[in-house]
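Please look over the sequence and the structure before reading on.

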Amino acid sequence: MDLDVPDAESMTALGERLAELLRPGDLVLLGGDLGAGKTTLAQGVGAGLGVRGPVTSPTFVIARVHPSLAGGPPLVHVDAYRLGGWDELEDIDLEATLDEAVTLVEWGEGVAEGLAGDRLEIHIDRAHGAELGEVRHVRVRVVGDRWDEDALAAAVRP
């Protein structure tokens, strides 16, 4: 599924709509260049899940747990940018919370796929050209049997 997202506010709203579908045990991997909008999408997911915030980039702390304020699952927000691979990710012990939380891993491509067979892989690219401004191209890939692609597409499209 491919989406064009015109601005940061729309990226946050996309995260909020996505959060409505997320449940404990879900893994979401976010990829894209620096400044593409990964953390902005994560902020929308956090808002949609009703977690304690603020949801900010966990680049230097590697992982943050945001408990739910609404009786839903906590959000485990991970930044794998500084990790050297699976062994370092495994040291964080995400498996301990994987079944009870929504786990969102920025820079997770090529590092965190082994955490779950069912997952969403979301890649965000900046559009090129001055006339495109803040537009981002968002590609959502479903892996495994957990997700119904048609229902997902209907829920995340504005």
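The sections below cover the basis of the model, one glutamate, its charged partners and the nonpolar cores.

## Basis of the model

The model is predicted; local features need pLDDT of at least 70 and side-chain atom pairs pLDDT 80 or more, whereas totals for chains, interfaces and linings use all residues. Residues are numbered from 1 along each chain as its sequence is written, and side-chain values use heavy atoms, with hydrogens and water left out.

Glu 121 belongs to strand 6, residues 119-126 (helices, H or I, of at least four residues and strands, E, of at least two are DSSP runs numbered from the N terminus). Glu 121 counts as buried because its relative accessibility is 14% (buried means under 20% relative accessible area, exposed over 50%, and partly exposed in between, with a 1.4 Å probe and protein chains only).

Setting aside residues up to four places away in sequence, Glu 121 touches Leu 29, Glu 113, Arg 139, Val 140, Arg 141 and Val 143 (contact means heavy atoms within 4.5 Å). The C-alpha atoms of Glu 121 and Val 142 are 6.5 Å apart, although 21 residues separate the two in sequence.

## Salt bridges

A salt bridge is a side-chain nitrogen of Lys or Arg within 4 Å of a carboxyl oxygen of Asp or Glu. By this rule there are four salt bridges. One of them joins Arg 119 and Glu 121, at 2.7 Å from N to O; both residues are buried. Another joins Arg 141 to Glu 121, with the closest N and O atoms 2.6 Å apart. This pair links distant parts of the chain, as Arg 141 is in strand 7 and Glu 121 in strand 6, 20 residues apart. Arg 141 is partly exposed, at 47% relative accessible area.

Arg 139 and Asp 125 also form a salt bridge, their closest N and O atoms being 3.9 Å apart. Arg 139 lies in strand 7 and Asp 125 in strand 6, so the pair ties together parts 14 residues apart in sequence. Arg 139 is partly exposed, at 41% relative accessible area, and Asp 125 is partly exposed at 28%. Through shared partners, salt bridges join Arg 119, Glu 121 and Arg 141 into one network.

## Nonpolar cores

The largest nonpolar core has 28 residues, among which Ile 122 and Val 138 touch the most other members (a nonpolar core is a set of buried Ala, Val, Leu, Ile, Met, Phe, Trp, Tyr and Cys residues joined through side-chain atoms within 4.5 Å). Elements giving two or more residues to this core include strand 6 and strand 7 (136-143). A second, separate core of 13 residues includes Leu 27, Val 76, Leu 94 and Ala 112.
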